[in-house]
Amino acid sequence: MTENIQSTEFDPEFDSTWEEENLSTGDFERAERAALRRVAGLSTELEDITEVEYRQLRLERVVLVGVWTEGTAADSDASMAELARLAETAGSEVLEGVVQRRDKPDAATYIGSGKVSELRDVVQSTGADTVICDGELSPGQLRQLEEKLKVKVIDRTALILDIFAQHARSKEGKAQVELAQLQYLMPRLRGWGETLSRQAGGRAGGGNGGVGLRGPGETKIETDRRRIRARISKLRREIAAISVIRETKRGRRTANEIPSIAIAGYTNAGKSSLLNALTGAGVLVEDALFATLDPTTRRALTPEGLPYTLTDTVGFVRHLPHQLVEAFRSTLEEVGQSDLLVHVVDGSDGMPEKQVKAVREVLAEINDKNDTPMPRELLVVNKIDAVGDLGMARLRHLFPDASFVSAHSGLGIEELRVRIAELMPRPEVVVEALVPYARGEVVARVHRDGEVLSEKHVESGTLLSARVRPDLANVLEEFATNGTPA
């Protein structure tokens, strides 16, 4: 019997308790997103069922449509590739892509009547049930396309709003996304059949009217608009109240003179990965567009031990819907009120300069409306482990003053820490003080919150020369060797 007994060694790969204790918040969130997955090959749905109540729950099959009005063919292809990634992130299966070369989008159908006929043939041959346009459609264009194509039609703005709705986690994030969706939906409300009928009217004895019910009444669509306006007002009040809480937290950091650094950049450039690499925050990291929306603030230390905060903000994209910029204004203000802006760029992208331009355009829009100067910018090119020698040479030519890192492998992270410390605002008051040994907490605070230039232990105490902030200079004034801080 004894020879069958085997020693049981700890194996973290199979020990569920070990896994649960060592998972980060990002790991839990990723597991939650993957919890509802479609199992292939188990469908028993009848093919001839067309009622919307009985349609199968599956990935939408979409056809992409774009209008090429400016730029090169490579720019048009990059925009369509990004639209395909957005569609896949939203949970769609991309079947086909169509691009129309025009001076400007057609006012009636976006792509012109001839191209609509071709697009209808593509939709029917592929079996697609949704068409996504690479631009913002007017209500008239949306209605015309749906009538002619006989499938659902959405635009780039609605697609991005849908992704935001899926990924919003916090109360503020959900409120901001709902506000943006309602602002987008307001001018596009439509009714079908009885939803446009009057609530009252008709002749006496009729099925839809009678005594006391005559008159024009209020249409269903007017009722919907009134409810949406009331909901928008309520959401704005909620977001304003939450903004007060953020302002309070920011005020505490400002009062403590802790430098703040904001991480901004194009979506999927690796902002959350960089935050994890610098602070060990453990936030969600996923190879998807707009994987994280809610800002995360973590504390970090410079190589000299000085504290500062890092805030990960929402990602940007080309032609970011103005509804989102308006709704997420309180979140994006973190960038404008920081001491340093770390602008992350995806080095593996084919056109990183386009990403930089798109981000700076959104930041300039926020800056113009807030009338505040933007902080100093540090450009950080991420994912250099996925770039070859020729690509690195091109990146160094495009961004000569940037830092080049790989948040995944850790390459260049230590050099980035040093660069951040150099660009951070430094204490401006130089003091020389003799602190008695009985006041060791003052010396400890100088080491923690200031920059020690020299330190010497003498008979009566610790002789310090340090660069500190005004509040700490006031504390050291009574120990100043020359009577006042220098």
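Visitor: Is Arg 419 buried, partly exposed or exposed?

Guide: Start with the cut-offs: buried means under 20% relative accessible area, exposed over 50%, and partly exposed in between, with a 1.4 Å probe and protein chains only. Arg 419 has a relative accessible area of 24%, so this residue is partly exposed. Keep in mind that this is a predicted model, where local features need pLDDT of at least 70 and side-chain atom pairs count only at pLDDT 80 or more, while totals for chains, interfaces and linings use all residues. Residues are numbered from 1 along each chain as its sequence is written, and side-chain values use heavy atoms, with hydrogens and water left out.

Visitor: Where is Arg 419 found, and which residues is Arg 419 in contact with, leaving aside its neighbours within four places in sequence?

Guide: Helices (H or I, at least four residues) and strands (E, at least two) are DSSP runs, numbered from the N terminus. Arg 419 belongs to helix 14, residues 413-423. Contact means heavy atoms within 4.5 Å. Beyond those sequence neighbours, Arg 419 touches Leu 378, Asp 401, Ala 402 and Ser 403. Thr 302 is 117 residues away along the chain, yet the C-alpha atoms of Arg 419 and Thr 302 are separated by 9.6 Å.

Visitor: What share of the contacts in the protein chain with a separation of 6 or more comes from residues 24 or more positions apart?

Guide: Those pairs account for 67%. The chain has 16 helices and 13 strands, and 43% of its 486 residues count as buried.

Visitor: How do I read a sheet here?

Guide: Strands of a sheet pair through backbone hydrogen bonds, either parallel or antiparallel. Two strands count as paired if DSSP finds at least two bridges between them. In this model, three strands make an open sheet in the order 11-13-12, with antiparallel pairing. Strand 11 (429-435) and strand 12 (451-458) are at the edges with a single partner strand each, so one side of each has no neighbour in the sheet. Direction ignored, neighbouring strands of this sheet are turned by 10° against each other on average; the axes are lines fitted to C-alpha atoms, for helices over the stretch in contact, and angles run from 0 to 180 degrees between N-to-C directions.

Visitor: How many bridges join strand 11 to strand 13?

Guide: Seven, and strand 13 covers residues 461-468. For a place to look, Val 431 stands opposite Ala 466 in strand 13.

Visitor: Which residues of helix 15 are buried, and what covers them?

Guide: Val 442, Val 443 and Val 446 are buried in helix 15, residues 440-449. Down the helix axis they fall within an arc of 100°, so the buried residues line one face of helix 15; the arc is that of the directions from the helix axis to the C-beta atoms. Their cover includes strand 11, strand 12, strand 13 and helix 16 (470-476).

Visitor: What is phi of Tyr 110, and of Lys 150?

Guide: Most residues other than glycine have a negative phi. Tyr 110 has a positive phi, near 75°, and Lys 150 has a positive one near 65°. Tyr 110 lies in the loop between strand 2 (92-101) and helix 4 (113-126), and is buried at 4% relative accessible area. Lys 150 lies in the loop between helix 5 (139-149) and strand 4 (152-155), and is exposed at 69%.
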